[in-house]
Amino acid sequence: MERFFLYDETEKTNVRYISFMGENRRFDLAIIQTERYYGKQLVLDLLGNRFAIIGTDDLNEPGYLEEVYRLSEVDAQELREFLYEIIA
């Protein structure tokens, strides 16, 4: 079977692993900085098995983190405040 690749590239990236306790839960994250995604970062929730490509515009979007990571409003606000510190 012949494959039709849209792209197949290798890139050096920076990965930061961070774990912190919020009010109600623990966050274990991997944050990947890459040249892709127009300056946004790939944020992986290692415990929740969810990920998103996030920039400051996404952090400003009401309900975005709640939906993407399936978080309560309180937990999402803690994550949002943390991500503002490292993304913005």
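Six salt bridges are present in the structure, a salt bridge being a side-chain nitrogen of Lys or Arg within 4 Å of a carboxyl oxygen of Asp or Glu. The model is predicted, with local features requiring pLDDT of at least 70 and side-chain atom pairs counted only at pLDDT 80 or more, whereas totals for chains, interfaces and linings use all residues. Residues are numbered from 1 along each chain as its sequence is written, and side-chain values use heavy atoms, with hydrogens and water left out.

One of the salt bridges joins glutamate 9 to arginine 36, with the closest N and O atoms 2.7 Å apart. Glutamate 9 belongs to the segment before β1 (14-21) and arginine 36 to the loop between β2 (26-33) and β3 (41-45), so this pair ties together parts that are 27 residues apart in sequence. Helices (H or I, at least four residues) and strands (E, at least two) are DSSP runs, numbered from the N terminus. Glutamate 9 counts as exposed because its relative accessibility is 57%, and arginine 36, at 27%, counts as partly exposed; the classes are buried under 20% relative accessible area, exposed over 50% and partly exposed in between (1.4 Å probe, protein chains only).

The charged end of arginine 36 also sits over the ring of tyrosine 7, 4.3 Å from the ring centre. The criterion is NZ of Lys or CZ of Arg within 6 Å of the ring centre and within 35 degrees of the ring normal. Tyrosine 7 is located in the segment before β1 and is exposed, with a relative accessible area of 54%. Together with Phe4 and Leu6, Tyr7 makes a nonpolar surface patch of about 470 Å². Patches consist of residues with over 30% relative accessible area and no salt bridge, like charges being joined within 9 Å and nonpolar side chains (Val, Leu, Ile, Met, Phe, Trp, Tyr) within 5 Å. Accessible areas come from the Shrake-Rupley method with a 1.4 Å probe, and for residues only the protein chains shown count as cover.

A network of salt bridges links Lys40, Asp57 and Asp58. Lysine 40 and aspartate 57 meet at 3.2 Å, N to O. Since aspartate 57 lies in helix α1 (residues 56-59) and lysine 40 in the loop between β2 and β3, the pair ties together parts that are 17 residues apart in sequence. The contact between lysine 40 and aspartate 58 is 3.0 Å, N to O, and this pair links distant parts of the chain, 18 residues apart. Lysine 40 is partly exposed at 21% relative accessible area, as is aspartate 57 at 44%, whereas aspartate 58 is buried at 11%.

Two aromatic pairs were found. Rings of Phe, Tyr and Trp (its six-membered ring) pair if their centres lie within 6.5 Å, with planes under 30 degrees apart counted as stacked, over 60 as edge-to-face and the rest as tilted. The ring centres of phenylalanine 20 and phenylalanine 27 are 4.9 Å apart with planes at 20°, so the pair is stacked. Both of these residues, phenylalanine 20 and phenylalanine 27, are buried. For phenylalanine 20 and phenylalanine 82 the centres are 4.7 Å apart and the planes at 35°, so that pair is tilted. It links phenylalanine 20 in strand β1 with phenylalanine 82 in helix α3 (residues 73-87), 62 residues apart. Phe20, Phe27 and Phe82 form one aromatic cluster. The charged end of arginine 25 sits over the ring of phenylalanine 27, 4.4 Å from its centre.
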